[in-house]
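Hi there,

Here is the structure I promised to send over. Have a look at it first, and then read on for what I found in it.

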Amino acid sequence: MKKLLLLTFFLPLLINAQSKIEVTDAWARPAATEHNSALYMTISNKSNLEDTLYAAKSSAAQIVEIHETYKAGNNMMGMREVEFVRISPQSSVSFKPGRHHIMLIGATKDLIAGDSIKVELFFKKNGTITVKAKIRSF
Ligand SMILES: [Cu+2]
């Protein structure tokens, strides 16, 4: 009974904390089954505390990683996994082509333009945020 009362008390606070991170314009590139896609979006931090994106998950891909693009020299671009991306207080980070992206490795189904997929984003302070991303080419 005591536990139940505590839960009731804290629930509104938890819901409030969730809304401090806002994800907009989420979209992912089309890909055939087993092939790779990338997801882009804008993450806005509406709180006065820094938050950190540290993982992502989706049933649409076998492996989901946070990636950054970097200059590999001689006009070559490479990409690599990063462990986290910091989102400063009252600011936003754009995941876009040539910058950060969520790498969807091994699509579990055909990702066709016009469809949408769900991706879970894990934040240290704000918890899990589920994002709906539209499949499109650009
Ligand atoms: Cu990548």
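Let me begin with the contacts along the chain: among those in the protein between residues at least 6 apart in sequence, 66% join residues at least 24 apart. Please keep in mind as you read that this is a predicted model.

As for the overall make-up, the protein has 1 helix and 10 strands. Starting at the N terminus, the order of elements is α-β-β-β-β-β-β-β-β-β-β. The protein has 138 residues, of which 36% count as buried.

I expect the metal site will interest you. Which protein atoms are the donors of the copper ion? They are ND1 of H67, SD of M79, NE2 of H101 and SD of M103, at 2.1 to 2.2 Å from the ion. The angles among these 4 donor atoms run from 98 to 114°, and the site is tetrahedral. Along the chain, the donors are spaced as H-x11-M-x21-H-x1-M. M79 belongs to strand β5 (residues 76–81) and M103 to strand β8 (residues 101–107), so this pair ties together parts that are 24 residues apart in sequence.

Are the two methionines buried or exposed? M79 counts as partly exposed, because its relative accessibility is 44%. M103 has a relative accessible area of 8% and is therefore buried. Leaving out residues up to four places away in sequence, M103 touches N36, S37, I63, V64, E65, H67 and M79. M103 and A38 are 65 residues apart along the chain, yet their C-alpha atoms are separated by 4.7 Å.

Next, the aromatic rings. Searching the whole structure gives 2 aromatic pairs. One of them is W27 with Y40, a tilted pair at 4.8 Å centre to centre and with 40° between the planes. W27 sits in strand β1 (residues 21–28) and Y40 in strand β2 (residues 37–45), so the pair ties together parts 13 residues apart in sequence. W27 is buried, with a relative accessible area of 9%, and Y40 counts as buried at 6% relative accessibility.

Y54 and F122 also form a tilted aromatic pair, with 6.4 Å from centre to centre and 50° between the planes. Here the link is between strand β3 (residues 51–57), which holds Y54, and strand β9 (residues 116–123), which holds F122, so parts 68 residues apart in sequence are tied together. Y54 is partly exposed, with a relative accessible area of 39%, whereas F122 is buried at 16%.

Two charged residues lie over rings as well. R80 is over the face of Y70, 3.9 Å from the ring centre. K124 lies over the face of F84, and here the distance to the ring centre is 5.7 Å.

Finally, the nonpolar core. In soluble globular proteins, nonpolar side chains tend to be buried together. The largest nonpolar core in this model has 30 residues, and F95, I102, I117 and L121 are those with the most contacts inside it.

Best wishes

Methods:
Residues numbered from 1 in each chain as written. Predicted model: local features only at pLDDT ≥ 70, side-chain atom pairs only at ≥ 80, totals over all residues. Heavy atoms only, no water. Donors = N, O, S within 2.8 Å, 3.2 Å for Na, K, Ca; no water. Tetrahedral: all angles 85-135°; square planar, octahedral: opposite > 155°, others 65-115°. Helix = DSSP H or I, 4+ residues; strand = E, 2+ residues; numbered from the N terminus. Buried < 20%, exposed > 50% of the residue type's maximum accessible area, 1.4 Å probe, protein only. Phe/Tyr/Trp six-rings, centres within 6.5 Å; stacked < 30°, edge-to-face > 60°. Lys NZ or Arg CZ within 6 Å of the ring centre and 35° of its normal. Core = buried A, V, L, I, M, F, W, Y, C linked by side-chain atoms within 4.5 Å. Contact = heavy atoms within 4.5 Å.
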